Amino acid sequence: MALPIPHPDAFVFKLGSQSYDLAARTHLMGILNITPDSFSDGGKYFDTGRAVARGEEMIEEGADILDVGGESTRPGSDPLSVEEELKRVLPVVRELAKRTHLPISIDTYKSEVAEAALDAGAVIVNDISGLTFDPGMPDVVHRHEACVILMHVKGTPKTMQENPVYEDVVGEVTRFLAQQSERARNAGISKIIVDPGIGFGKNLEHNIQLLKQLRRLTALGRPVLVGPSRKSFIGKLLDARPEDRMEGTAAAVTASILRGANIVRVHDVKQMKKVAT
């Protein structure tokens, strides 16, 4: 497989007013779900005030990036309207952008939501579809000179866990991310991060193989983000509820770091900061 030619400064990104060398250490992305039905926190932050307070708390705990999302993409979830997603995320993005210089990421696959969030102060678009669900997304990211996170997903959140099948999960995910990185680069996007999509259209064995062979993704020459936090594969291994998966998350984060992850996306910033350092 021919790998894409990375941007000369593929690991040094200007995100907002700050410059980040993502190769220098593993960075922490704190998860902020503005949803009433999050698998991980049951809607704990489905309120602008509580969400902003949690964002500030994660900054104090050592987060490097805040990832704000308004639509649950857990297995079996239904899509959310653009209007409702904007209603949830924009007040939080605006308020956090006033209170911190840390980069804010908008977790969305909708170009309209991404554009509004970037206008409100976000500087990263975290697209679970890797630019495949909305053809307008590459242009939005390019025009705003934003960073994009390209994640692999098989199917849609509604159906992705209905017996996902691969011949070579690591090879297929790597090829997809290489192709979409090239597509983003051709659209004029220079700040590109890739994510194997742990738990998104993958069974237990698929997720384990992706963690074991993460080095195959780092060969793409792009920063790699891994998001294992509280995922169901950990629950299956430990027979544990989402809120009881701290140790399993720590183990998965450790495995990711040892195999080259530049960013780990986590709920428990304070605890995972200790793991990462």
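1. A place to start is the end of helix H5, which is followed by Gly188, a glycine whose phi is positive, near 90°. The model under discussion is a predicted one, and the values below should be read as computed from it.

2. Taken as a whole, the protein has 10 helices and 10 strands. For its 277 residues, a compact globule would have a radius of gyration near 19 Å, and the value of 17 Å found for the protein agrees with that expectation. Along the principal axes, the C-alpha atoms fill a box of roughly 45 × 45 × 35 Å.

3. Buried residues make up 57% of the 277 residues, while the accessible surface of the protein comes to about 11500 Å², with 50% of it belonging to carbon and sulfur atoms. Among the contacts with a separation of 6 or more, 70% are between residues 24 or more positions apart.

4. As for aromatic rings, the count comes to one aromatic pair. This pair is formed by Tyr109 and Phe133 and is edge-to-face, with 5.3 Å from centre to centre and 85° between the planes. The two partners are 24 residues apart and so belong to distant parts of the chain, Tyr109 being in the loop between strand S5 (104–107) and helix H3 (111–120), and Phe133 in the loop between strand S6 (124–127) and helix H4 (137–143). Tyr109 is buried, because its relative accessible area of 14% is under the 20% limit, whereas Phe133, at 31% relative accessibility, counts as partly exposed.

5. A second aromatic feature involves a charge: Lys154 lies over the face of Tyr166, at 4.6 Å from the ring centre.

6. Phe11 is placed in the segment before strand S1 (12–15), and at 25% relative accessibility Phe11 counts as partly exposed. Leaving aside residues up to four places away in sequence, Phe11 touches Tyr20, Asp21, Leu22, Ala23, Gly221, Arg222, Pro223 and Asn262. The C-alpha atoms of Phe11 and Phe133 are separated by 26 Å, and these two residues are 122 residues apart along the chain.

7. Some backbone angles deserve a second look, because most residues other than glycine have a negative phi. Glu145, which is not a glycine, has a positive phi of about 50°. The place of Glu145 is in the loop between H4 and S7, and at 64% relative accessibility Glu145 counts as exposed.

8. Asp239 also has a positive phi without being a glycine, in this case near 55°. Asp239 is found in the loop between helix H8 (232–238) and helix H9 (246–258), and Asp239 is exposed, since its relative accessible area of 74% is over the 50% limit.

Notes:
Residues numbered from 1 in each chain as written. Predicted model: local features only at pLDDT ≥ 70, side-chain atom pairs only at ≥ 80, totals over all residues. Heavy atoms only, no water. Helix = DSSP H or I, 4+ residues; strand = E, 2+ residues; numbered from the N terminus. Phe/Tyr/Trp six-rings, centres within 6.5 Å; stacked < 30°, edge-to-face > 60°. Buried < 20%, exposed > 50% of the residue type's maximum accessible area, 1.4 Å probe, protein only. Lys NZ or Arg CZ within 6 Å of the ring centre and 35° of its normal. Rg over C-alpha atoms; globule rule 2.2 N^0.38 Å. Contact = heavy atoms within 4.5 Å. Areas by Shrake-Rupley, 256 points an atom, 1.4 Å probe, with all protein chains shown as cover.
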